[in-house]
Structures are given as C-alpha cells and as structure tokens.
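Me: Got a structure to go through with you. Can we start with the aromatic side chains and then look at a pocket?

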Amino acid sequence: MEHSRNYTGSIHDTSSTVDFIYCMPLGNALQILIGQNYHSFLLTVHCSTVAIYCYGDGRFRIFDSHARNSSGFPHPQGTCVLLDVDNFNLLINYFQSLFDRLLAPFLIYQLFPLVSNEADNPLLVCCFLGHRS
C-alpha cells in the first residue's frame with residue numbers, strides 16, 4: 001500500500017482559502033484527492049486515526065477502531081464502528097462534531113490518501129467493500 005502527499009489543516013476550518021499547497025480545510029483536501037481518483041484515506045486528528053472509503057457515488061464508509069456508540073461518538077463501553085455516510089457534507093459535519101469546536105478549536109488534521117489494489121488488500125475488502133449496504 002502506498003500513499004500520496006498528505007494534507008493538513010484545522011478540522012474546523014470551512015474557508016475556501018488555501019494558504020499553502022497542502023494546508024487547507026478538510027473538505028477542500030478531500031475534494032481535490034477524490035478528483036484525483038483516490039478512494040481510500042487515513043484521517044488523523046490529534047491522536048485518533050480512522051479509515052475512510054469513498055464509493056465514488058457520493059457515499060462514504062468510515063472505520064473507527066476507537067470505543068464509539070452506534071452513532072460513532074465516544075462512549076466508554078463502545079466498540080469499533082463501521083459507519084455509512086450518505087454524502088460529502090454529512091462526512092465533514094460528522095468529523096467536525098466528533099471533535100468539538102469548543103473543546104478543541106484548533107485541532108489539526110492530517111489526511112493520507114492511499115493507493116491500493118482493492119483485490120489484494122484483505123483489510124480494505126473486509127472493512128469497506130465486503131460489507132457494502
């Protein structure tokens with residue numbers, strides 16, 4: 001599995017301003033990478049990393065190994081979750097609400113686009129493609 005250049009920025013930044021070539025709002029970075037035909041991503045915010053898969057039809061799937069409830073929010077007795085997200089705006093809103101602006105207004109994300117042969121990647125097939133709804 002390979003990755004391209006990673007993008008970074010504030011998880012809560014919604015401006016369309018790009019100050020540096022790889023530093024921008026999360027939504028902008030995802031749109032650029034999806035436009036370059038990337039479908040798999042690792043997103044790290046603070047010390048939490050999740051996997052994101054873009055189906056290409058506007059829907060997304062998130063795999064989060066951290067203790068979450070059925071809606072994907074932290075819970076002490078939660079489990080890992082596999083979440084389906086119906087559109088791009090809901091995806092961005094989910095991550096912004098997961099990392100509350102009041103508690104952490106300047107949280108920085110890192111987004112790593114992954115290049116992978118889906119047929120040869122058992123983790124990708126199991127977590128994302130094998131359980132498509």
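Me: Which residues do ring pairs link into a cluster?
Reply: Phe73, Tyr94 and Phe95. Keep in mind that this is a predicted model.

Me: How many aromatic pairs does the structure hold?
Reply: Five aromatic pairs. One of them joins phenylalanine 60 and phenylalanine 88, with ring centres 6.2 Å apart.

Me: Why is that pair tilted?
Reply: The planes of phenylalanine 60 and phenylalanine 88 are at 55 degrees, so the pair counts as tilted; edge-to-face would need over 60.

Me: What does the pair tie together?
Reply: Phenylalanine 60 is in strand β5 (residues 60-68) and phenylalanine 88 is in helix α2, so the contact ties together parts 28 residues apart in sequence.

Me: Are phenylalanine 60 and phenylalanine 88 buried or exposed?
Reply: Both are buried.

Me: Switching to charges. Where does the charged end of arginine 59 sit?
Reply: Over the ring of tyrosine 55, at 4.6 Å from the ring centre.

Me: Now the second largest pocket. What volume does it have?
Reply: About 150 Å³. Its lining has 13 residues, and the closest to the pocket centre are Asp13, Thr14, Gly27, Phe88 and Ile92.

Me: Which elements give two or more residues to that lining?
Reply: α1 (26-35) and α2 (88-98). The largest share comes from α2, with five residues.

Methods: Residues are numbered from 1 along each chain as its sequence is written. This is a predicted model: local features need pLDDT of at least 70, side-chain atom pairs count only at pLDDT 80 or more; totals for chains, interfaces and linings use all residues. Side-chain values use heavy atoms; hydrogens and water are left out. On a 1 Å grid over the protein atoms alone, a cavity is a set of points where a 1.4 Å probe fits but cannot get out, and a pocket is an open set with protein on both sides within 12 Å along at least five of seven lines; lining residues have an atom within 4 Å of a point. Grid points are joined across faces, edges and corners, and a volume is the space filled by probe spheres set on the points. Helices (H or I, at least four residues) and strands (E, at least two) are DSSP runs, numbered from the N terminus. Rings of Phe, Tyr and Trp (its six-membered ring) pair if their centres lie within 6.5 Å; planes under 30 degrees apart count as stacked, over 60 as edge-to-face and the rest as tilted. Buried means under 20% relative accessible area, exposed over 50%, partly exposed in between (1.4 Å probe, protein chains only). A charge sits over a ring if NZ of Lys or CZ of Arg is within 6 Å of the ring centre and within 35 degrees of the ring normal.
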